[in-house]
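Reader: I have a new model open. Please show me how to read it.

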Amino acid sequence: MRILGIDPGLRVTGFGVIESRRQEIKYIQSGCVRSGNGDLSHRLGVIFGELSNVVSQHELQHVAIEKVFVNKNPQSTLLLGQARGAAICAVVAGDLPLAEYTALQIKKSVVGYGHAQKQQVQEMVRRLLNLTQTPTPDAADALACAICHASFLRASGRKGNITNKPQF
């Protein structure tokens, strides 16, 4: 089963694709969508377009995305929410089920500690996927999100679609 993990961001959105079989996980692809510094609508279009390409390139069964946390700056939270919305639209356009996890859930699943540092997440993702190089922080967070979802599916015994669709 192929799972896409997404770490949404307005400047940089991380993505990671893994394959999960029984107790094994295998790295397929990861990277970052960089939206630039232009007009907001253009930047959101870049996120939607690039993630739509990722969705169409892989035979995905599931997608997991990190939930937005509330920043001290409401404007930053709103912008992050719009980037997340563009990512969700790419998933919905691909007719894929979507699961949502908090950063705390993802870190606890991958590192064993919900308040782990970025470097700890990067290192555990590198080890779990047997990578020769450490992924960038955004790609590592996206891969961690996918690994978290694979763990959830294994623990729950689910293989097919789940009903955790985004609520609008």
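Author: Start with exposure. Buried means under 20% relative accessible area, exposed means over 50%, and partly exposed lies in between. This is a predicted model. In it, Phe 152 has 32% relative accessibility, so Phe 152 counts as partly exposed.

Reader: Is Tyr 101 buried or exposed?

Author: Tyr 101 is buried, at a relative accessible area of 8%.

Reader: How many aromatic pairs does the structure hold?

Author: One. Planes over 60 degrees apart count as edge-to-face. Tyr 101 and Phe 152 make an edge-to-face pair, with 65 degrees between the planes and 6.4 Å centre to centre. Tyr 101 belongs to strand S5 (residues 98–101) and Phe 152 to helix H5 (residues 137–156), so the pair ties together parts 51 residues apart in sequence.

Reader: How do I describe two packed helices?

Author: Give the angle between their axes and the distance between the axes. Take helix H1 (residues 40–57) and helix H2 (residues 74–93). Their axes come within 8 Å and cross at roughly 35 degrees. The crossing of H1 and H2 is right-handed.

Reader: Which residues meet there?

Author: From H1, they include Leu 44, Ile 47 and Phe 48; from H2, they include Leu 79, Ala 83 and Ala 86. The residues of this H1 and H2 contact divide into 13 nonpolar, two polar and no charged.

Reader: What is the mean pLDDT of the protein chain?

Author: The mean is 91, and 93% of the residues reach 70 or more. Over residues 160–168, pLDDT is below 50. That stretch has 20 contacts in the model beyond near neighbours in sequence.

Conventions
Residues numbered from 1 in each chain as written. Predicted model: local features only at pLDDT ≥ 70, side-chain atom pairs only at ≥ 80, totals over all residues. Heavy atoms only, no water. Axes fitted to C-alpha atoms, helices over the stretch in contact; angles between N-to-C directions. Helix = DSSP H or I, 4+ residues; strand = E, 2+ residues; numbered from the N terminus. Left-handed = near helix turned anticlockwise from the far one by under 90°. Contact = heavy atoms within 4.5 Å. Nonpolar A, V, L, I, M, F, W, Y, C, P; charged D, E, K, R; others polar. Phe/Tyr/Trp six-rings, centres within 6.5 Å; stacked < 30°, edge-to-face > 60°. Buried < 20%, exposed > 50% of the residue type's maximum accessible area, 1.4 Å probe, protein only. pLDDT = per-residue confidence, 0-100.
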